Amino acid sequence: MAGPDPALAFDMIVVGSGGGPHETNLSSYLLKPYGAEWDAGIVALEAGSGQGTLNRLLELEPNLFVGKDGVTRTYSASEVYSFVRCFLITHAHLDHISSLVLSTGALGGERKRVYAVKETLEDLESVFSWRIWPKLASYDENDEDYKLLYSPLVPDGKYHTVFPNISVQAVPINHGTNELGPYASAAFFLRSDSHPSKREFLFFGDVEPDSVASTTTKTINVWRKAAPMIPHTLSTIFIECSWPSGRQDDMLHGHLSPEHLRDELVALATEVYFARRGPSSSQSTSRQPQRKRQKRNPPSHDLRGVLMGVRVYIIHVKDQPAQVHGIPIREVVVGQVKSLIQEAGLGVEILLADQGMHITI
Ligand SMILES: [Zn+2]
Ligand SMILES: [Zn+2]
């Protein structure tokens, strides 16, 4: 048997990767350091689907959880969730938190932290309020073991340790505007602090395209942070594409379609292009002076292959009642993204993060 690959930093199991309405496949990912045992501690990234879904997945695929000796571990779903040390939540929409809420009273193991930005924790407080659900969460470090521990993630441009040797930087992003104003989601950079090159990956909550956002553009902030790390330190990105091609902008409801995802990845490629040309170019202008204060985008042929070595996992495709030519909608959407990206020639690999997958990063 081959030994562990030293280039890898994380193992992930996809419990659910859809964007609703099917409650059996909602955003939910289990993460651990590569080479560690699952029972040594798990980070739950989002908590849409949970134990019921994992039960069903384990019936279909009993070899889902494998130990570092390569031998299957026969855990029950509730055992797996008892290994969870913390939940990381991008925003409090139900498709990202429903199993967290439903299972709170029954979670085994030690007390679990819930990491999210302040606004998301406040939304959770309105759920754990004795009305929608019992108050099974608090900010009190010395509270009962069965309660979740709210742990604010400050989006201060820094990484915060959430688990031994795993730290997270949260960056706010737009997720549409409603009667109350702009609604924020978050993107997380998850970094392995024990990995020799501090490998990290990027995970997006739901995303409104910058070109549609009625408020400040925010996804660009994520791309600017990511660009200098691509592809050696950061080569894996999880990002939503809720809708199929052709969806009108006024019907996006704070989500991406393949065309908008392509535009976002072009924005990333542009940042990578400038990052590689050095700091002076990122402010622009040496060659294209004065006329515009903004930096000038490189011609599209300069972006060819810029994202080589990067893989983008599509998540959060919304289920549709009918299949297209017998193909599940998530595969249709991934196919649409692939052909748009191929046309743009960015060199990035497009993949589907499908339910039940084991992904190494
Ligand atoms: Zn969602
Ligand atoms: Zn959402």
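Where does S257 lie? S257 is in the loop between β12 and α6. Helices here are DSSP runs of H or I with at least four residues, strands are runs of E with at least two, and both are numbered from the N terminus.

A word on the ground rules. This is a predicted model: local features need pLDDT of at least 70, side-chain atom pairs count only at pLDDT 80 or more, and totals for chains, interfaces and linings use all residues. Residues are numbered from 1 along each chain as its sequence is written, chains are lettered from A and ligands numbered from 1 in the order in which they are written, and side-chain values use heavy atoms, with hydrogens and water left out.

Back to S257. Is S257 buried or exposed? S257 is buried, at a relative accessible area of 1%. Buried means under 20% relative accessible area, exposed means over 50%, and partly exposed is in between, with a 1.4 Å probe and protein chains only. Set aside the neighbours within four places in sequence, and S257 is in contact with C241, W243, P244, R247 and L252. Contact means heavy atoms within 4.5 Å.

Now the sheet with β12 in it. Seven strands make an open sheet, in the order β8-β9-β10-β11-β12-β13-β14. Its pairing is mixed. Two strands pair if DSSP finds at least two bridges between them. At the edges are β8 (160-163) and β14 (349-352), each pairing on one side only. From one strand to the next, the twist averages 30 degrees. Helix α6, residues 258-276, packs on this sheet and touches β12 (234-240), β13 and β14. The direction of α6 makes about 155 degrees with that of β12. Axes are lines fitted to C-alpha atoms, for helices over the stretch in contact, and angles run from 0 to 180 degrees between N-to-C directions.

β13, residues 311-315, pairs with β14 in the parallel sense over four bridges. V312 stands opposite I350 in β14, and Y313 stands opposite L351. On β14, I350 and L352 make up a covered face, while E349 and L351 make up an uncovered one. In general, side chains in a regular strand alternate between the two faces of the sheet.

β8 and β9 run antiparallel, joined by three bridges. T161 has S167 in β9 as its bridge partner. The two strands form a hairpin with two residues between them. In that turn, N165 has a positive phi of about 65 degrees.

Next, I239, in strand β12. I239 counts as buried, at 0% relative accessibility. What does I239 touch, not counting residues up to four places away in sequence? The list is F204, V207, W223, L256, L261, V312, Y313, I314 and I315. H260 is 21 residues from I239 along the chain, and their C-alpha atoms are separated by 12 Å.

There is another sheet. Eight strands form it, open, in the order β6-β7-β5-β4-β3-β2-β1-β15, again with mixed pairing. Its edge strands are β6 (137-138) and β15 (358-360). Inside it, β2 (28-33) and β3 (42-47) pair antiparallel over four bridges. Y29 has L45 in β3 as its bridge partner.

Last topic: the spaces. On a 1 Å grid over the protein atoms alone, a cavity is a set of points where a 1.4 Å probe fits but cannot get out, and a pocket is an open set with protein on both sides within 12 Å along at least five of seven lines. Lining residues have an atom within 4 Å of a point. Grid points are joined across faces, edges and corners, and a volume is the space filled by probe spheres set on the points.

The second largest pocket has a volume of about 420 Å³. Its lining has 21 residues, with E119, T120, D123, Y183 and A184 nearest its centre. The elements giving two or more residues are α4 (118-127), β9 (166-178) and β10 (181-192). β10 gives the most, six residues. By class, the lining has twelve nonpolar, six polar and three charged residues. Ala, Val, Leu, Ile, Met, Phe, Trp, Tyr, Cys and Pro count as nonpolar, Asp, Glu, Lys and Arg as charged, and the others, Gly among them, as polar.

How many cavities of 30 Å³ or more does a search of the whole structure find? One. About 50 Å³ of space lies in the largest cavity. Its lining includes T104, R111 and D145.
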